[in-house]
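Reader: I have a chain to look at and would like to go through it by question and answer.

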Amino acid sequence: MNTLSYKTVSANKKTVNKQWVVVDAQGEILGRLSTKIAMIIRGKTKPDFTPNVDCGDNVIVINADKVKLTGNKFSAKQYVSYTGYPGGQRFISPKELMAKHPERVIEKAVRGMLPKSRLGKALFGNLYVYAGGEHPHAAQNPTTI
């Protein structure tokens with residue numbers, strides 16, 4: 001039997017085929033949209049997925065200000081941050097965050113679904129979120145999902 005015919009091939013930085021993808025968030029539910037985006041960024045939708053390599057696609061999210069949250073989460077959910085000073089714990093609801101920076105709601109949801117490592121930080125750099133319907137990445141010829 002030819003033992004070379006069934007070797008497992010792992011992707012590396014040189015052999016990865018990265019593409020650009022546009023996702024429209026209008027009317028989508030935040031959590032369900034974020035899981036799909038995280039899977040695409042991580043590369044789990046590709047047959048040559050390798051866990052320790054950035055083999056996912058670059059994702060452009062448009063209409064981030066039109067994403068929905070189910071139930072009472074829009075006002076009851078809270079994002080917590082800490083300044084590092086005593087008494088410096090800050091809370092903000094998705095309603096307040098959408099008023100100031102609508103793209104950060106999707107960014108926070110996707111970041112929480114990526115690995116908490118150097119690879120996760122590099123993967124997060126492949127996400128581009130825009131509040132409106134326009135994006136400046138037309139030169140990359142992205143495909144629409």
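Reader: In what order do the elements of the chain run from the N terminus on?
Author: The model is a predicted one. Its secondary structure comes to 5 helices and 6 strands. Starting at the N terminus, the order is β-α-β-α-β-β-α-α-α-β-β.

Reader: What percentage of the residues in the chain is buried?
Author: Buried here means under 20% relative accessible area. The chain has 145 residues, and the buried share is 36%.

Reader: How far does helix 1 reach from its first C-alpha to its last?
Author: Helix 1 covers residues 30–42, which is 13 residues. At 1.5 Å a residue, 18 Å is expected, and the computed reach is close to that: 18 Å.

Reader: Which residues of helix 1 are buried?
Author: An α-helix has 3.6 residues a turn, so residues three or four places apart point the same way. In helix 1, the buried residues are L30, L33, S34, I37, A38, I40, I41 and R42.

Reader: What covers the buried residues of helix 1?
Author: Contact means heavy atoms within 4.5 Å. The cover includes helix 4 (103–111) and helix 5 (118–124). It also includes strand 1 (20–24), strand 2 (58–62), strand 3 (79–82) and strand 5 (127–129).

How values were computed
Residues are numbered from 1 along each chain as its sequence is written. This is a predicted model: local features need pLDDT of at least 70, side-chain atom pairs count only at pLDDT 80 or more; totals for chains, interfaces and linings use all residues. Side-chain values use heavy atoms; hydrogens and water are left out. Helices (H or I, at least four residues) and strands (E, at least two) are DSSP runs, numbered from the N terminus. Buried means under 20% relative accessible area, exposed over 50%, partly exposed in between (1.4 Å probe, protein chains only). The expected span of a helix is 1.5 Å times one less than its number of residues.
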